[in-house]
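Subject: A structure for you to look at

Hello,

Here is the structure I promised to hand over, and below it is what I found in it.

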Amino acid sequence: MTKSIISTPHAPAAIGTYSQAVRCDDTVYLSGQIGLDPKTMLLAEGIDNQIIQVLNNLKAVAEAAGGSMNDFVRLTVYLTDLSHFAKVNDYMSQYFAQPYPARAAVGIASLPRQALVEIDGIMVIS
């Protein structure tokens, strides 16, 4: 097994003891992204802007790993308010093409930095 760490300045730097992503052979495990702007490290305002920033952050890490949004096979969406689930679907349709990755959505009490949404994922790059 070949293991390498993926890092890019185009996504927020880790705010804890984790890497933006880890690649093991053809599989890339992306850490959860919240709506932090990578330049300012400030959280985007409002659910719409946070969803867009999260997806842009995931895209930046995917590209740093040598992949694209089409390489995702699994996503987990964490929401502090499940009433925003339809918005996540709307924005995801702008970033992902069919066939869509497998996905779970989980309602949780809170996220780091008072974020409203977090998404992590797994990619396979051949």
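Predicted model: local features only at pLDDT ≥ 70, side-chain atom pairs only at ≥ 80, totals over all residues.

Residues are numbered from 1 along each chain as its sequence is written, and side-chain values use heavy atoms, with hydrogens and water left out.

The sheet

Two strands count as paired if DSSP finds at least two bridges between them. E3 and strand E6 (residues 117-124) run antiparallel and are joined by five bridges.

The whole sheet is open and has six strands in the order E1-E2-E3-E6-E4-E5, with mixed pairing. Its edge strands, each pairing on one side only, are strand E1 (3-6) and strand E5 (102-107). On average, neighbouring strands are turned by 15 degrees against each other, direction ignored. E4 and E5 pair in the parallel sense, over six bridges, and here Thr76 stands opposite Ala104 in E5.

The two helices

Helix H1 (residues 46-64) packs with helix H2 (residues 85-95) at an angle of about 35 degrees, and their axes are 10 Å apart. The axes are lines fitted to C-alpha atoms, for helices over the stretch in contact, and angles run from 0 to 180 degrees between N-to-C directions. On the H1 side, the contact (heavy atoms within 4.5 Å) is made by Ile47, Asp48, Ile51, Ile52, Leu55 and Asn56. H2 brings Lys87, Val88, Tyr91, Met92 and Tyr95.

The core

The largest nonpolar core has 27 residues, of which Leu30, Leu55, Phe72, Val117, Ile119 and Met123 touch the most other members. Such a core is a set of buried Ala, Val, Leu, Ile, Met, Phe, Trp, Tyr and Cys residues joined through side-chain atoms within 4.5 Å. Buried means under 20% relative accessible area, exposed over 50%, and partly exposed in between (1.4 Å probe, protein chains only). H1 gives the largest share of this core, eight residues. Leaving aside neighbours within four places in sequence, Phe72 is in contact with residues including Leu30, Leu58, Phe96 and Met123.

Two residues to look up

Ile125 lies in the segment after E6, and Ile125 counts as buried because its relative accessibility is 8%. Among the residues that Ile125 touches, not counting those up to four places away in sequence, are Arg23, Val28 and Gly67. Ile125 and Gly67 are 58 residues apart along the chain, with 6.3 Å between their C-alpha atoms.

Gln53, in helix H1, is also buried, with a relative accessible area of 16%. Not counting residues up to four places away in sequence, Gln53 touches Gly35, Leu36, Asp37, Pro38 and Ala44.

Enjoy exploring!

Best wishes

Methods. Helix = DSSP H or I, 4+ residues; strand = E, 2+ residues; numbered from the N terminus.
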